[in-house]
Amino acid sequence: MPRANEGLGLAAISYVAVDYLRYVSPSWHGRLQPALWAVLALAAACRAPFYRHWPLELRAAIPFLASLVFMLSALLCEALSVRFVTAVLGLDWHRSSPPLPDSGQWLLLFLNEKLPQVVVDVLRAHIIGLHHFLMLFVMLAFSVVFNSVKAPGLGLAARYMFTMAIGRLLRAVTFVSTILPPVRPWCAEVRFPVPYHPHPWVQKYFMPYASDSDAIRKLIQIDMPYAAIGEYPGEYRPNWGRMNFLIDILRPTVSEGSSWYHLLKKAGGGCNDLLYSGHMLVAVLTAMAWTEAYGGWTSALIWILVLHSAQREIRERHHYTVDCIVAIYVGILLWRMTGFIWSAKDSSKTKRLAKLDEVQSRLIHAAKDSDIDEIRDLLKEVERAGQERRGSSQWAVWLFAGTTITVSLIMVLLAFTLTSDG
């Protein structure tokens, strides 16, 4: 869609560049980052009272809140799944299982030997991370007040969160289905105080057949577990009341306390290979949103940053190459499927054409009768069909606008603060 100005693109690149100064010149980073935040927040606050599409934002509020609840629910399911795949096999399996062969990692090591050192240093640089992609989307959604992208901004945010939720649920189903060995074998022992021995399910259904080819062949033939279970320590089972069903999923230990809620609060990224990459899903959805809503050279640059982030995920052994590749095409496909929530296409033209088709016979009849008043009234109907409906009172719109501005600025300032260290 045509853009009113290039200010959004410059602001986005400035944000990434200023934040990278933390590695180049921490003193300048400490001065410029708060100044940039203040300028962006003040610009949005000053522009918001003159924003013309608050009625549209009000109508988009319910889908926005519904998408937010859906996304938070999906993230909770993902957190439970991450803990499960980490804990179910035990720390001994994590330490002893070698990483899978990854040709993408080999390629990057080969390029390290062949490319000039300055190019390798650029590829290794922490130019952009997860929090950058999230904040780039926040800037994109807020840019509706400057008419840089199509309103409503809450509609764009609803589509982003809804797509994110679908992607996270698909990801959880994928990595729970087949547990892959970690890219960093030491990670689980450092980050997750789970038991060293496997869960009783694994003791019965996996461990007796994990490495014995004859046992596997016999298991295929009889299609029933038959091998004797080895000797393992017992499981710690705290009293979580109605939440006791989570014990087999989370596998708590005595050192983690007796509260399931406290355990979940410490949930983060897993140490198994989680197919596909959640970081890359966020990056791709941000790039897709920028491409559709804003376009131009900024979107092309963001896609370059997506690829840079992907090779760093592989280079630093956070993910296998397949995780990043799958995340890219899943993110693209999911974004294409959720255009019914928000789209950059101008729907008013379609509505006017539909209305014109509806009144076409009446318009022809009025023209034959030289009824100018009837023609004028019909054309006004066609024009009104493409305009925004104003179903809310003015005071409700202004109350919603004030609340949205206040809450949004608080949330963005908190996000800036909480993600300032990555």
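**Cavity and nonpolar cores of the predicted model**

The structure holds 1 cavity of 30 Å³ or more. This result, like those below, refers to a predicted model. Rolling a probe the size of a water molecule over the atoms shows where empty space is left. The volume of the largest cavity is about 30 Å³. Its lining consists of His199, Glu235, Tyr236, Arg237, Ile247, Asp248, Arg251 and Pro252. Sorted by class, 4 of the lining residues are charged, 3 are nonpolar and 1 is polar.

The secondary structure of the protein comprises 19 helices and 0 strands. Of the 422 residues in the protein, 42% are buried. When contacts between residues at least 6 apart in sequence are considered, 80% join residues at least 24 apart.

The largest nonpolar core contains 57 residues, and the members that touch the most others are Phe133, Leu136, Phe137, Leu140, Trp290 and Val306. Two or more residues of this core come from each of α1 (7-24), α3 (54-87), α7 (130-142), α8 (153-177), α14 (278-293), α15 (296-315) and α16 (321-337). The most is given by α14, with 11 residues. Leaving aside neighbours within four places in sequence, Val306 is in contact with Phe133, Met280, Ala283, Val284 and Ala287. Another core, of 10 residues, lies apart from the largest one, and includes Val88, Ala172, Phe175 and Leu274.

How values were computed: Residues numbered from 1 in each chain as written. Predicted model: local features only at pLDDT ≥ 70, side-chain atom pairs only at ≥ 80, totals over all residues. Heavy atoms only, no water. 1 Å grid on protein atoms, 1.4 Å probe; cavity = no way out; pocket = protein on both sides within 12 Å on 5 of 7 lines; lining within 4 Å. Points joined across faces, edges and corners; volume = space filled by probe spheres on them. Nonpolar A, V, L, I, M, F, W, Y, C, P; charged D, E, K, R; others polar. Helix = DSSP H or I, 4+ residues; strand = E, 2+ residues; numbered from the N terminus. Buried < 20%, exposed > 50% of the residue type's maximum accessible area, 1.4 Å probe, protein only. Contact = heavy atoms within 4.5 Å. Core = buried A, V, L, I, M, F, W, Y, C linked by side-chain atoms within 4.5 Å.
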